[in-house]
Amino acid sequence: MSRKNKKGKNQKGIREKFLFWRSQIHPETERSVLAVFFIGFAAILILAGFHNAGPAGEFIYKWLTKFFGFGYYLFPTIFLVMAGFFLSGKKEGDNRSLGMTFFGAILFVAAGLGLIDILYPLKGGLTGIWIGAIEMPFGYPAGIIITLTLVLAALLLTINLPLKISQPK
């Protein structure tokens with residue numbers, strides 16, 4: 001729905017403008033642009049991990065390692081995985097595929113942090129401590145299995161790849 005400004009003219013909302021601009025871009029171009037941004041983010045995070053991304057990179061590195069510990073390195077990893085998925089040329093049927101890719105990426109990082117915290121206590125940052133608490137009710141071996149299962153499921157969601165076991169004929 002349009003809004004009227006002080007002069008009585010109709011203005012489109014930000015959402016409508018965004019959707020219009022997005023509709024002007026070919027879906028494959030949109031996926032390519034996302035892939036380029038993900039590769040760029042991954043490169044900056046990798047450089048920040050080596051303290052070579054300037055003051056902003058140092059800030060990002062300190063902030064992310066405080067909350068995610070060793071899990072910091074999951075971020076460039078998942079950005080590169082998502083970039084590879086977007087560049088793979090697989091067609092997406094609708095926006096659900098894009099949403100599931102992001103959901104899978106978030107789940108991958110969260111479950112990975114929990115796994116890091118179980119394997120290396122207090123090294124998964126604050127988020128890892130929270131997710132790694134699954135170890136308390138289930139124990140060490142089951143906690144590893146649960147979080148590893150979530151990591152693998154999240155990776156499959158991110159790259160939208162089904163597992164198929166073929167049987168010999």
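A residue counts as buried under 20% relative accessible area, as exposed over 50%, and as partly exposed in between. The model is predicted, and the values discussed here are computed from it.

Leu80, which has its place in helix H4, has a relative accessible area of 41% and is therefore partly exposed. Ile159, found in helix H8 (residues 140-159), reaches 22% relative accessibility, so Ile159 also counts as partly exposed.

| Residue | Helix | Relative accessible area |
|---|---|---|
| Leu80 | H4 | 41% |
| Ile159 | H8 | 22% |

On the surface, Leu80 belongs to a nonpolar patch formed together with Ile39, Ile46, Phe50 and Leu87, and the accessible area of these residues together is about 480 Å². At least two residues of this patch come from each of helix H2 (27-49) and helix H4 (74-87). As for Ile159, its C-alpha atom is separated by 9.2 Å from that of Met100, although the two residues are 59 residues apart along the chain.

In soluble globular proteins, nonpolar side chains tend to be buried together. In this model, the largest nonpolar core has 26 residues, of which Phe108 and Val109 touch the most other members. Two or more residues of this core are given by each of H2, helix H3 (54-68), H4, helix H5 (95-119) and H8, with the largest share, eight residues, coming from H4. Leaving aside residues up to four places away in sequence, Phe108 touches Leu74, Ile78, Val151, Ala154 and Leu155.

How values were computed
Residues are numbered from 1 along each chain as its sequence is written. This is a predicted model: local features need pLDDT of at least 70, side-chain atom pairs count only at pLDDT 80 or more; totals for chains, interfaces and linings use all residues. Side-chain values use heavy atoms; hydrogens and water are left out. Patches are made of residues with over 30% relative accessible area and no salt bridge: like charges are joined within 9 Å, nonpolar side chains (Val, Leu, Ile, Met, Phe, Trp, Tyr) within 5 Å. Accessible areas come from the Shrake-Rupley method with a 1.4 Å probe; for residues, only the protein chains shown count as cover. A salt bridge is a side-chain nitrogen of Lys or Arg within 4 Å of a carboxyl oxygen of Asp or Glu. Helices (H or I, at least four residues) and strands (E, at least two) are DSSP runs, numbered from the N terminus. Buried means under 20% relative accessible area, exposed over 50%, partly exposed in between (1.4 Å probe, protein chains only). A nonpolar core is a set of buried Ala, Val, Leu, Ile, Met, Phe, Trp, Tyr and Cys residues joined through side-chain atoms within 4.5 Å. Contact means heavy atoms within 4.5 Å.
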